[in-house]
Amino acid sequence: MSQQLVEQCQRGNAFAQKRLFDLYANRLFRVSLRYVRHEPEAEEVLMSGFLKVFRAINDFSYRDDNGLEAWLRRIVVNEALQHLRANRRLPVFQDDEIAGEQPDPAPLPDTGLDAERIYALICELPPGYRTVFNLFAIEGYTHREIAAQLHISENTSKSQLSKARALLQHWLITNGYERETRRIS
Amino acid sequence: MNAKPDEYPDHHIRQLLDQLPDTPPPGSAFDAERLWGQLQPQLSKTVVRRQFGIIWWAAAACLGSLSLLLSRVWLMPRNDGSHVNIVRSAAYKASEPKPTGNLSKIADKPVLANATPVVRNQPELRKKPSLPKLVTVHANPDDPEKAVVQTLELPVVADSATAVAEPIEPARTTLVAAAPKRRFRVMHVNELTAEEEARPKLYRTEHFVRLGTGTGHPQASTESVPALIIPFASKPNH
């Protein structure tokens, strides 16, 4: 069904465009909110992202639904970074920062964890940690690509990621640990 | 080494995020319908602008091809040569000797018998010089007081200055006269030799062909003759 939807969007069918928007709007809004953190800005990023999607959809060749979603997410992420760059909201990183605190190699406690809580914790991360963590851990960018996007060194990208993981792990363990301690006691 | 333990939390988090419902975050004021209402007018503008762009490009392409076609037709030389004739006649007219005011002056001037005519380079219309008239006066036998005046036309003496082998023709206004006058007769080389042979020989030995150099000392061998050396580069004369 998605293939037919894409074909109709390529022909400029307004109903198909509306249908595609309804299918992916909420999901992509969450993606943009993870980067810009403020809802009005996230809506602005989403709107510019969909404009770009419908302008460039003629150049897209459909393979499967995962490929379509990945293409949409890539466009929204680029729009979010562009928005941050335009508003000078990109975090300023320390160059060649050596990762001080290493994350605990022990597995994260998965009790009491839910997706909404993790999503909220990611959004609470500092801008630098959040951007690098989103790009590496969730979008799958390499450190080289992150360094090129954010105009930082690879070492800085690695250090920011380590700190993001450490902080996130700390919060998760703290939350999980608190829930675990309540159960025990 | 650190990648493996780090991959676990990343993978875990990714899996958890994939389980998120397809709804806005709780407590969010996001409304997809409202956003579509804002997006749709901009989409229609994009489509119209794109259509106009295509139409403009098509019109520009048509105009360009039409102008190219017209320019080729305009500049193409015609087969009937009328274009060339127009050019030739224009050039001929430019080179045509203009009738100067001298003609009228010449006609008005009285031509005397002993006046030497002026030889002009340009062919121009001129009147024949009027024949000098000899006036004789002799006594009238009937009336001795009155004299009889008789005019006698003198014979025209051919003068080299005035003799014209051909009558002066007015300048032709046809295209044929525009071609330059040939000064020499074009003939085939065989005709030339035939003419030479047909021509009466003034001397008996005229048709003889000389053999040798005629110096009387035939060269014995070529060794005494220095070899002709032609330098590759000419030396400047100092």
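Analyst: This is a predicted model. Helix α2 (residues 14-36) of chain A packs against helix α4 (residues 65-86) of chain A at an angle of about 40 degrees, and their axes are 10 Å apart. That angle makes α2(A) oblique to α4(A).

User: Is the crossing of α2(A) and α4(A) left-handed or right-handed?

Analyst: The crossing of α2(A) and α4(A) is right-handed.

User: Which residues meet there, in α2(A) and α4(A)?

Analyst: From α2(A), they include A:L20, A:Y24, A:L28 and A:V31; from α4(A), they include A:L68, A:L72, A:V76 and A:L84. The residues of the contact of α2(A) with α4(A) divide into 13 nonpolar, two polar and five charged.

User: Switching to salt bridges. How many over all chains?

Analyst: The count comes to 11 salt bridges over all chains.

User: What does A:E139 pair with?

Analyst: The side chain of A:E139 meets that of A:R34 in a salt bridge, at 3.4 Å, N to O. This pair links distant parts of the chain, 105 residues apart: A:E139 is in the loop between α6 (127-138) and α7 (143-150) of chain A, and A:R34 is in helix α2 of chain A.

User: Are A:E139 and A:R34 buried or exposed?

Analyst: A:E139 and A:R34 are both buried.

User: And A:K18, what is its partner?

Analyst: A:K18 forms a salt bridge with A:D22 (2.8 Å, N to O). Both lie in helix α2 of chain A, four residues apart, about one turn of the helix. A:D22 counts as partly exposed because its relative accessibility is 32%.

Technical notes
Residues numbered from 1 in each chain as written. Chains lettered and ligands numbered in written order. Predicted model: local features only at pLDDT ≥ 70, side-chain atom pairs only at ≥ 80, totals over all residues. Heavy atoms only, no water. Axes fitted to C-alpha atoms, helices over the stretch in contact; angles between N-to-C directions. Helix = DSSP H or I, 4+ residues; strand = E, 2+ residues; numbered from the N terminus. Parallel < 35°, antiparallel > 145°, perpendicular 65-115°, else oblique. Left-handed = near helix turned anticlockwise from the far one by under 90°. Contact = heavy atoms within 4.5 Å. Nonpolar A, V, L, I, M, F, W, Y, C, P; charged D, E, K, R; others polar. Salt bridge = Lys/Arg side-chain N within 4 Å of Asp/Glu carboxyl O. Buried < 20%, exposed > 50% of the residue type's maximum accessible area, 1.4 Å probe, protein only.
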